[in-house]
Amino acid sequence: MNSVVRTTCPYCGVGCGVEARPAENGGYEITGDKHHPANFGRLCVKGAALGETLGLDGRLLYPEVGGERVSWDAALDETANRLQAIINEFGPKAVAFYASGQLLTEDYYAANKLMKGFIGAGNIDTNSRLCMSSAVVGYKRAFGADFVPCSYEDLEQTDLVILVGSNAAWAHPVLYQRLAQVKKLRPQMKVVVIDPRRTATCDIADLHLALRPGSDAALFVGLLNILQPSLAINSFDGQNAALEIAAEWSLEKCADFCQLESAAVQTFWQWFTQANRAMTLYTMGINQSSSGSDKCNAIINVHLASGKIGRGGCGPFSLTGQPNAMGGREVGGLANQLACHMNFEPADIARLGRFWGSERIAETPGLMAVELFEAIGRGEVKAVWIMGTNPVVSLPDNSRVAQALARCPLVIVSDVVCETDTSRFASVKFPALAWGEKNGTVTNSERRISRQRAFLPAPGEARADWWMVAQIARRLGYREAFDWQHPQQIFSEHAALSGYENNGTRAFDISNLAYMTSEQYDALEPVRWPVSGDAHSSFKSWRENGKFQLLPVEPVLPQAKVDHYYPLILNSGRIRDQWHTMTRTGSVPRLMQHITMPIMEIHPRDAKRYGVTHEGLVRVASRSGGMVAKVRVSESQLPGNVFVPMHWNQQFARKGQINSLVASVCDPHSGQPESKQTAVRIQRWQPAWCGEIFARVAIAFGEEFHWWKQATPGVHHFLCAADSDAKAWIETLAAGRGWQLQTACGDGQFHHVLAWYHGELQLAFYSANGWQDISAAAVLSAFEQAPTTASERHRLLAGKAPDTQPDTGATVCSCFGVGEKTILAAIAGGCRSVAQLGEKLRCGTNCGSCIPELKALLK
Ligand SMILES: Nc1nc2c(c(=O)[nH]1)N[C@H]1C(S)=C(S)[C@@H](COP(=O)(O)OP(=O)(O)OC[C@H]3O[C@@H](n4cnc5c(=O)[nH]c(N)nc54)[C@H](O)[C@@H]3O)O[C@H]1N2
Ligand SMILES: Nc1nc2c(c(=O)[nH]1)N[C@H]1C(S)=C(S)[C@@H](COP(=O)(O)OP(=O)(O)OC[C@H]3O[C@@H](n4cnc5c(=O)[nH]c(N)nc54)[C@H](O)[C@@H]3O)O[C@H]1N2
Ligand code: SF4
Ligand SMILES: [Mo]
């Protein structure tokens, strides 16, 4: 394959089109697809770094059973036999699939069909439960369908954008840049950000409401109250009850509940009522809540009541997180839905039975993610197939998840990487095709279906996820229903089902894509559903089908409550350059340089109160577990709140996992966990030493260490800290290897060691009683080519860059690798604006996601 391949980014729900072009070095150059309507050529830093994730290091390439490599036939036969035995003995509900919004639609459709259509249980759920499930409940309760009534181009027509619980600048960067562009061209368009933290997204905000965590519903219920006079009687089901509650939420009560100034709340409400067009973009700060579904409805209510829906520039827009979260909703991958927007109702069950030719369609919803792992822990579910997700990292109270998997008789894991926190518990491992190798479709936030196309050959014996499912299905006796040879056949079947006996009764209908040839499928241009007509007019005609509902919402606070022992609320979320559990992004050097270890952001007042210092280490503990992080003192936090990234796990750190702290408290309607609020306490940890180690040989850390893996090519590189003796540790590590040690010790203040073997650098270790500024670039080049003069070796022992190699500091702009020190020097040298910095250093001129940080440095 030599020419340019047009495909779709595998990260966030913006769904950007990318082009992969063979590069001269044998790799691939990845650029934005100028013709793709989601991004028109733009990419963020994660998308732009895709070419750096294509290596096969750490990949799972062969099937394994019980930790031993076996042939595909052996692995599939063994798995199918064991599944069948469990089903025979304990019934279909004793097995479950736990899938992912990162599977392709074809993979997802196949898994859902096997579980709900042929094994005959509802037990397939997905990581979208942790992500989108409250949003789905919100739409379904309001409109009777999971219908997202907005598209990206609405941003270009709106007068007011409210971002609530969304850090789009980091989590949906290309969409955010599009919004920033609109704001630049039309400064009169107002932007309101509602988030307890001051995030990079606030950079373009006219108003930032830093509300009390979890209190959002009050802002929208109070707003509904002031919209009441303009509402015609009985326009909506539930209207009276909704308005009755709203009438109790006066401005003062709302401001008090949210701990905001009344004037700020009033401004927000005034802007909303006065704007002709308004959009509310909402994500995890809303969904990941024990009352997330109600919050979604509180948002939808104000759009319905004000008529700011069903026309350009208007509407409640839940942004999807994962690349195919929407595709999962279409195929019905959640345990409480059937395929293609059908529900567990007799007519739908019978219809699916006719279409699939099966008499075993599941008749009741299956277990939702958190419940599912609880049932595994109790031994009720005896086999689980985990596909494309890493639940031991991402589910709340993850030590219980690990315990459950440890007890589970059959754990099947399909993944692209070999070692994950979850795959440690696998009885069977299936090697999946990764991005660039797999072939199929994904649907983005605005319901746009795009092709992911392969441009690389399958490595080792990796296979498509749909293929594995079909192979197991055939072995379970369902050959005919799973006799696909190509993803196009699956897509056709899915599209045909969407139109089957539909007649306008189900919003999701892509049946005109059902009869494509494989050439047409390969050439499929990005297409948005409803495929006929625009979203707003389809939404209007959908509305004529039935009455919409104003759901009565009573605002409540999170279930997590602070007390004397656990006095702080812990918030969690994304950082700019990492993706989830880091299996792909964690090994890309330039994505690791922005934030190198778990940080805990804390307000200066609290830092003082709890005796923690900027850059120092801290232990964070909840009633469920604990972690260690590096303190970042920041005015962007509210007092009483701390924030930790969600990404770190046991492959990248010892005790860096947020979900060892988060409790498994869920929304009763959606089953979505309250991942954004946990009561914690913190305690300063002053280890005997902090350090940094680089080595040619693998390093084993004992239990007494904390370590944080770095993505440095060619060497093992860690940050580390411990209460034990650093000197003794290095001596043990070096013992018997014939290394020549060169050391520098300063009065117990620091201890540096270089280890040489036949003139080659083997190890470089730098410890001190605080973090030091070590030039990783200098150490790395010494591993490639050992310094020759004594003075060069001395500089290396000090951890300093050679005179010729400037130290640039922590990376701020990952696109062009521009460091903080370089930027500060340019500012000192006269640069006064982001534009001037861009001209001089190029920083901020590509994806733009570092612009908020550049502005902060300029300040
Ligand atoms: N870089 C990067 N981008 C990603 C991902 C990634 O891993 N890395 N993952 C993708 C996925 S799957 C998802 S779901 C999206 C998530 O996208 P976002 O939801 O934008 O990301 P988060 O950082 O999880 O949370 C958003 C914000 O919610 C705020 N928040 C916390 N509690 C509250 C509250 O009570 N009220 C309000 N209003 N806000 C609150 C947090 O402070 C945080 O700034 O990102 C997608 N994009
Ligand atoms: N505390 C807290 N917890 C959270 C969140 C939070 O904000 N705070 N956010 C939640 C949200 S919104 C989400 S979406 C989840 C995400 O959490 P996860 O879904 O657990 O995270 P990922 O790292 O995306 O896991 C994907 C796995 O699939 C593998 N993989 C990649 N490509 C393929 C493929 O093509 N096929 C197969 N079979 N495997 C593949 C990857 O190597 C990886 O192991 O985390 C949730 N957990
Ligand atoms: S914005 Fe999302 S889809 Fe677009 S390049 Fe970045 S990660 Fe990929
Ligand atoms: Mo997500």
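Author: H758 counts as exposed, with 74% relative accessibility; buried means under 20% relative accessible area, exposed over 50%, and partly exposed in between, using a 1.4 Å probe and protein chains only. Its phi is positive, about 50 degrees, although H758 is not a glycine. You'll find H758 in the loop between β29 (750-757) and β30 (760-768), where helices (H or I, at least four residues) and strands (E, at least two) are DSSP runs numbered from the N terminus.

Before going on, some housekeeping: this is a predicted model, with local features needing pLDDT of at least 70 and side-chain atom pairs counting only at pLDDT 80 or more, while totals for chains, interfaces and linings use all residues. Residues are numbered from 1 along each chain as its sequence is written, chains are lettered from A and ligands numbered from 1 in the order in which they are written, and side-chain values use heavy atoms, leaving out hydrogens and water.

Now for H341, another non-glycine residue with a positive phi, near 65 degrees. H341 lies in the loop between α13 (325-331) and α14 (346-356), but it counts as buried because its relative accessibility is 16%. A positive phi also turns up at G379, near 85 degrees, following α15. The other backbone item is a cis peptide bond from W529 to P530, with omega near -5 degrees; P530 sits in the loop between β18 (527-528) and α21 (535-545).

Back to α15, residues 369-377: A369, V370, L372, F373, A375 and I376 are buried there. Those buried residues pack against β6 (95-99), β7 (124-126), β13 (383-387), α16 (391-394) and α17 (398-407).

As for the nonpolar cores, each is a set of buried Ala, Val, Leu, Ile, Met, Phe, Trp, Tyr and Cys residues joined through side-chain atoms within 4.5 Å. The largest has 146 residues, and F143, I194, L219 and F268 touch the most other members. Helix α7 (residues 216-227) gives the most to this core, with 8 residues. Setting aside neighbours within four places in sequence, F143 is in contact (heavy atoms within 4.5 Å) with P149, I300, L304, I309, F539, W542 and F548. A second, separate core of 74 residues includes M115, I412, V469 and W484.

Last, the cysteines: with a disulfide taken as a pair of cysteine sulfur atoms within 2.5 Å, the count is 0. C296 is buried at 0% relative accessible area, and its sulfur is too far for a bond because the closest cysteine sulfur, in C131, is 11 Å away.
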